[in-house]
Amino acid sequence: MLVPPPKPRGAHPAVAVLAFDGMTPFELGCVVEIFGIARPELEVPWYELSVCAESPADLRVAGGFTMRAEHGLDVLASADTVIVPGVADVHGEVSPEVIAALRRAYDRGARVVSICSGAFALAAAGLLDDREATTHWRYADLLRRRFPRVRVDADVLYVDGEDILTSAGSAAGLDLLIHLVRKDHGPGVANEVARRLVIPPHREGGQAQFIQAAVTPVEDSTAVATAMAWALDHLAAPITIAALAEVARMSRRTFIRHFSRQTGTSPLRWVISQRVTASLTMLESTSAPVEEIASAVGFDSAAAFRHHFTRAMRTSPSAYRRAFRAPVSPARANPPSTAVG
């Protein structure tokens, strides 16, 4: 089958998402929300999204409704970015037609992405052989057994292999999709999209914190939120647990307990992640030395900044600046949002 040549990236990059019979709507909805809604206010070339399926017939969707995709696998194979939001059965076989379309897309140079169980489709196509990848923690052992050549990491929210990217459970798909926007348009645009969705632009940590974790009711969440808001207003200054607890009007031990229950992380790790996030737009839009940026976001030294930045972003501040530095309009040169969802 002849595959149309890919559209050049930069104008309106073509994104295709695979719909299938028996799918759940959340993952597809995340893709549509990120890539399918026009965002002219961002003043960057946005994406053209196509929902694709093997057949033009109605598809059953979990929750008791049906939908019909407008495009077939030929459009999937010709897109710039191909997203597989899951598979109908993690124990079943992926159709040869879908495997062929994924192979054609990858061989042609497309960026191939999976959300949650979608990693099983990529693995079935051989795209994850001898690569690091992730999936929902419940499926990690099964993915290892079915596809032993895949190096499965069940502790991360997503794995960026440049041309192939995989994410953990459903909500981690949003983390990966925002990451794609960040790669394509820089942290300023990604932060604005995340703000519209009321989600953090970057979450520290991995899915290990969610494995078999009980949901504990949070008492006095308003006090914790007040302390978080205060910290965001004082990132450049020294921030201690004692100071945060005082703002929350709690004892140090009580504050740590409530903070961890509400956020899934410790107060100081959260502060560090917010400081790293605050540095992104400065790296992208200014030529300030790393030492100056480190001080501006509250790190004691450039060495501490580099250490925590590399740990969170899996690259150095200098490498990040080379990848994302681009001319920006004055409206784009504002400090990034550090709001948390």
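Which residues have the most contacts inside the largest nonpolar core? In this predicted model, they are Ile 34, Phe 35, Ile 83, Leu 177, Val 181 and Val 193. The core has 40 residues. At least two residues each come from strand 1, helix 1, strand 3 (59-61), helix 6 and helix 7. Helix 6 gives the most, with 7 residues. In soluble globular proteins, nonpolar side chains tend to be buried together.

Ile 83 illustrates the packing. Leaving aside residues up to four places away in sequence, Ile 83 touches Val 15, Ala 16, Val 17, Leu 18, Val 31, Phe 35, Val 113, Ile 115 and Leu 177.

Ile 164 lies in strand 10 (residues 164-167). Ile 164 is buried, at 4% relative accessible area. With residues up to four places away not counted, its contacts are Tyr 106, Val 112, Leu 122, Leu 127, Leu 128, Arg 131 and Val 159. The C-alpha atoms of Ile 164 and Arg 111 are separated by 5.9 Å, although these residues are 53 apart along the chain.

Helix 1 spans residues 25-35. Its buried residues are Glu 27, Leu 28, Cys 30, Val 31, Ile 34 and Phe 35. They lie on the same side of helix 1, because they cover an arc of only 155° around the axis. These residues pack against strand 1 (14-18), strand 2 (48-52), strand 4 (65-67), strand 5 (81-84), helix 6 (172-185) and helix 7 (187-197).

The count of salt bridges comes to 15. One of them joins the side chains of Arg 68 and Asp 58, at 2.9 Å from N to O. Arg 68 lies in the loop between strand 4 and helix 2 (73-78), and Asp 58 in the loop between strand 2 and strand 3, so the pair ties together parts 10 residues apart in sequence. Arg 68 is exposed, at 54% relative accessibility. Asp 58 is partly exposed, at 43%.

Asp 160 forms a salt bridge with Lys 183, with the closest N and O atoms 3.1 Å apart. Asp 160 belongs to strand 9 (residues 158-160) and Lys 183 to helix 6, so this pair ties together parts 23 residues apart in sequence. Both are partly exposed: Asp 160 at 28%, Lys 183 at 23%.

Glu 192 and Arg 196 also form a salt bridge, with the closest N and O atoms 4.0 Å apart. They are 4 residues apart in helix 7, so about one helical turn separates them. Glu 192 is buried, at 14% relative accessible area, whereas Arg 196 is partly exposed, at 39%. A network of salt bridges links Glu 41, Glu 192 and Arg 196.

Definitions and conventions. Residues numbered from 1 in each chain as written. Predicted model: local features only at pLDDT ≥ 70, side-chain atom pairs only at ≥ 80, totals over all residues. Heavy atoms only, no water. Buried < 20%, exposed > 50% of the residue type's maximum accessible area, 1.4 Å probe, protein only. Arc of directions from axis to C-beta. Contact = heavy atoms within 4.5 Å. Core = buried A, V, L, I, M, F, W, Y, C linked by side-chain atoms within 4.5 Å.
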